[in-house]
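Subject: Structure handover

Hi,

Here is the structure for you to look over. Please open it first, then read the notes below.

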Amino acid sequence: MLQRSRVSHVFGGSPASCRLSPSLSREPRLLRASTASPQEPQLSGAVLAHPGHRGLCGAPPPCPTLDLQTSARTAQVLGGDADLEPPPCLLRDLLPDPRHGAVKTEDNFKSSQFHLDLWFYFTLQNWVLDFGRPIAMIILPLEWFPLNKPSAGDYFHMAYNVITPFLLLKLIERSPKTLPRSMVYVSIIMFVMGASIHLVGDSVNHRLIFSGYQHHLSVRENPIIKNLKPETLIDSFELLYYYDEYLGHSMWYIPFFLILFIYFTGCFTPVEDESRMPVAALLLMGPSSLYYWYLVTEGQIFILYIFTFFAMMALVMHQKRKGLVLDSNGLFLFYSFIITLVLIAVWVIWLWNDKILRKKYPGVIYIPEPWAFYTLHMNNLHAGKESL
């Protein structure tokens, strides 16, 4: 009796004669009201009753917040009687949050609709702010954006660095499955940092076009670079190119594809009817695939892309054995990557025999950049027309 009153005191219950919920009285390890003598004060419903149960005393109050001293007293009281258990609400508060990956729980599959708004905004801002960035810099008059000031493309890039991670986070939030939040947050931070590094390097490199810089040539082979004095300045421009094309792209695209793959892992469902894409998704797949083609070729990230695609294929086959299929969002992302691979193959075959581009892109993997192709062929074509 003394232990029971102490338990009631710890959890804020009163020794009033309240009976436990019938559903709890049948639990083997919980104190039952039938074991107490009529003279003994029984445990209050606020002690062990689950918030969903109601006793004769009405709805139980919320689980109390325990401090260190209260927790110590609770452990001392519970350790003295094998039949005592902490209330379910206390167990819930002490257990780690499974959303952060500390505890692996079985996910409940929820119905998921196609995120038309997010995919549309995502594709639109990719085309306008990323692909349209160098175009805006070239088309808009140079007097509006002097060479010693940020260009229109730089402001596009700044907007891209803010809007893209926001849309990626919204995609993660709408996933029907609980995803590793910590990994997503770290990836978003790396994405913003890499895109910001690329912003600076790409801004200078594209502004050099107005001075005669040719993207289809290496840094040391460019006419405006190779005659610089002292020659250590060439090393500085090579460092700038490294930040732009290597470090910036790596810290930008690796977390980008990692977040897409994490989102893809939550796009599986046991319901066959959800494995269908609406007409809007089919219409949006073309522009989305074409952008991924530009992203892979201009960013020179074919290895990263192909590994991500293979990981998607392996995951699809693994989940198929469990009876799970892709939902509409997963199908949209997976088919977009397939079409991207076809477009890359067509692009490589078309420029396979280009000797100048072959010189800039040696090695087994030969994937020319679209802007290198533009400065080599299209720019010369425009110059020829103007001379006529």
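This is a predicted model: local features need pLDDT of at least 70, side-chain atom pairs count only at pLDDT 80 or more; totals for chains, interfaces and linings use all residues.

**Cavities.** The structure holds five cavities of 30 Å³ or more. The largest cavity has a volume of about 170 Å³. Its lining counts 20 residues. Nearest the centre of the largest cavity lie His198, Asp202, His206, His249 and Glu298.

Which helices supply the lining of the largest cavity with at least two residues each? They are α6, α8 (181-207), α10 (232-265) and α11 (279-299). Helix α10 gives the largest share, six residues. By type, the lining of the largest cavity divides into eight charged, seven nonpolar and five polar residues.

**Surface patch.** Leu116, Phe120, Tyr121, Leu124 and Val128 make a nonpolar surface patch. The area of this patch is about 450 Å². Leu116 is found in helix α6, which covers residues 116-139. That helix also supplies at least two residues of the lining of the largest cavity. Is Leu116 buried, partly exposed or exposed? Leu116 counts as partly exposed, because its relative accessibility is 38%.

**Met190.** This residue is found in helix α8. Met190 has 35% relative accessibility, so it counts as partly exposed. Met190 and Ser250 are 60 residues apart along the chain. Their C-alpha atoms are separated by 9.6 Å.

Best wishes

Definitions and conventions:
Residues are numbered from 1 along each chain as its sequence is written. Side-chain values use heavy atoms; hydrogens and water are left out. Patches are made of residues with over 30% relative accessible area and no salt bridge: like charges are joined within 9 Å, nonpolar side chains (Val, Leu, Ile, Met, Phe, Trp, Tyr) within 5 Å. Accessible areas come from the Shrake-Rupley method with a 1.4 Å probe; for residues, only the protein chains shown count as cover. A salt bridge is a side-chain nitrogen of Lys or Arg within 4 Å of a carboxyl oxygen of Asp or Glu. Helices (H or I, at least four residues) and strands (E, at least two) are DSSP runs, numbered from the N terminus. Buried means under 20% relative accessible area, exposed over 50%, partly exposed in between (1.4 Å probe, protein chains only). On a 1 Å grid over the protein atoms alone, a cavity is a set of points where a 1.4 Å probe fits but cannot get out, and a pocket is an open set with protein on both sides within 12 Å along at least five of seven lines; lining residues have an atom within 4 Å of a point. Grid points are joined across faces, edges and corners, and a volume is the space filled by probe spheres set on the points. Ala, Val, Leu, Ile, Met, Phe, Trp, Tyr, Cys and Pro count as nonpolar, Asp, Glu, Lys and Arg as charged, and the others, Gly among them, as polar.
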